[in-house]
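This report goes through one protein chain, from its overall build down to single residues. Keep the sequence and the 3D view at hand while reading.

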Amino acid sequence: MIDKIYTEGEFKYKEAGEGKPIILLHGLMGTVGMFDRILEYFADKGYHVMVPELPIYSLPLLKTNVKHFSLFIKRFIEHKNLEKPILVGNSLGGHIALYITKHYPEMVSNLVLTGSSGLYESAMGDSYPKRGDRVYVRKKVEMVFYDPATATEEMVDDLFEVVNDRGSVLRILSLAKSAIRHNMAKDLPDMKLETCLVWGKQDTVTPPEVANDFNKLMPNSELFWIDKCGHAPMTEHPDQFNKIVHDWLIKHNL
């Protein structure tokens with residue numbers, strides 16, 4: 001287990017391995033820890049893997065949006081002096097990867113999107129959890145996964161803490177609205193880079209038809225399914241996720 005988190009200026013991140021750079025981007029409700037098995041696997045396979053922590057609760061409210069998170073990751077790439085990393089994004093992380101690819105295509109080698117927003121996503125729903133309602137919070141976390149048991153107490157604690165902080169709730173809502181505003185449908189046909197799409201067949205946040213739309217709109221994408229899997233394949237089925245992505249990387253000499 002790689003537990004060390006580096007702090008350099010505005011950046012906090014996990015890092016391991018040497019070789020071609022891969023940046024793993026977590027989602028709105030995600031943490032750097034959700035990619036632990038992916039980080040360890042690819043660091044052991046000859047890649048330089050980094051998982052930056054998105055400043056979801058620390059940026060000014062007016063900058064809590066897809067654009068400024070993308071600029072944050074752009075600065076991270078520059079800070080680490082990385083040469084065209086592969087961007088692997090889950091949920092909001094996928095959306096950020098797409099935004100960077102649109103505006104700074106010279107900075108990106110390839111994309112791996114899993115449960116990505118950018119076309120359509122079902123957010124927290126109409127009723128945002130009331131403060132102190134832990135049962136509701138647990139249900140919201142469990143909805144992310146096919147198997148509710150995947151939702152750990154730590155994940156529930158993290159979201160429970162968020163919904164009991166008014167500033168954090170406002171940032172979540174701001175990001176959800178920003179994701180809807182920054183719909184990428186018109187941009188995807190122009191993204192010619194090879195892209196790997198990995199989707200849970202039972203994803204209820206970005207349902208299977210979203211994956212099919214991504215695959216139709218992106219000219220050089222390939223779509224892979226994981227059964228009995230929800231919105232976070234890299235957490236729920238890390239071994240399958242690793243095999244799919246690694247085989248795809250080998251196929252494309254990446």
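Among contacts in the chain between residues at least 6 apart in sequence, 73% join residues at least 24 apart. The model is a predicted one, and the values below are computed from it.

**The chain as a whole**

The secondary structure consists of 9 helices and 8 strands. The radius of gyration of the chain is 17 Å, close to the 18 Å that the globule rule gives for 254 residues, so the chain is as compact as a globular protein of that length. Along the principal axes, the C-alpha atoms fill a box of roughly 50 × 40 × 35 Å. Of the 254 residues in the chain, 54% are buried. The accessible surface comes to about 11,600 Å², and carbon and sulfur atoms account for 52% of that surface.

**Helix 2 against helix 3**

At what angle do helix 2 and helix 3 pack? Helix 2 covers residues 66-79 and helix 3 covers residues 92-103; the angle is about 75 degrees, and the axes are 9 Å apart. Angles of 65 to 115 degrees count as roughly perpendicular, which means that helix 2 is roughly perpendicular to helix 3. On the side of helix 2, the contact is made by V66, K67, F69, S70, I73 and K74. On the side of helix 3, L92, H95, I96, Y99 and I100 take part. Sorted by class, this contact has 7 nonpolar, 2 polar and 2 charged residues.

Leaving aside neighbours within four places in sequence, I73 is in contact with L25, P52, L54, I96 and I100. In sequence I73 and K63 are 10 residues apart, and their C-alpha atoms are 14 Å apart in space.

**The loops on either side of strand 5**

Strand 5 spans residues 86-90, and the loop between helix 2 and this strand holds N81. Is N81 buried or exposed? Its relative accessibility is 68%, so N81 counts as exposed. The phi angle of N81 is near 55 degrees, which is a positive value in a residue other than glycine.

P85 lies in that loop between helix 2 and strand 5 as well. P85 is buried, with a relative accessible area of 0%. Setting aside neighbours within four places in sequence, P85 is in contact with P21, I23, I77, M107, V108, S109 and N110.

S91 is in the loop between strand 5 and helix 3. S91 has a positive phi, near 60 degrees, and is a residue other than glycine. With a relative accessible area of 15%, S91 is buried.

**Three further buried residues**

L24 is in strand 3, which runs over residues 20-25. The relative accessible area of L24 is 1%, so L24 is buried. Which residues does L24 contact, leaving aside its neighbours within four places in sequence? They are F35, I38, L39, V49, M50, V51, P52 and V88. P52 is also a contact of I73.

T235 is found in helix 8, residues 233-236. Buried means under 20% relative accessible area, and T235, at 19% relative accessibility, therefore counts as buried. Not counting residues up to four places away in sequence, T235 touches M34, F145, T150 and M155.

S168 is found in helix 6, residues 166-181. At 10% relative accessibility, S168 counts as buried. S168 touches Y57 and V162, again not counting residues up to four places away in sequence.

**Separation in sequence and in space**

The table sets the number of residues between two partners along the chain beside the distance between their C-alpha atoms.

| Pair | Apart in sequence | C-alpha to C-alpha distance |
|---|---|---|
| L24 and L39 | 15 residues | 8.0 Å |
| P85 and N110 | 25 residues | 7.4 Å |
| S168 and S58 | 110 residues | 8.8 Å |

Technical notes:
Residues numbered from 1 in each chain as written. Predicted model: local features only at pLDDT ≥ 70, side-chain atom pairs only at ≥ 80, totals over all residues. Heavy atoms only, no water. Axes fitted to C-alpha atoms, helices over the stretch in contact; angles between N-to-C directions. Helix = DSSP H or I, 4+ residues; strand = E, 2+ residues; numbered from the N terminus. Parallel < 35°, antiparallel > 145°, perpendicular 65-115°, else oblique. Contact = heavy atoms within 4.5 Å. Nonpolar A, V, L, I, M, F, W, Y, C, P; charged D, E, K, R; others polar. Rg over C-alpha atoms; globule rule 2.2 N^0.38 Å. Buried < 20%, exposed > 50% of the residue type's maximum accessible area, 1.4 Å probe, protein only. Areas by Shrake-Rupley, 256 points an atom, 1.4 Å probe, with all protein chains shown as cover.
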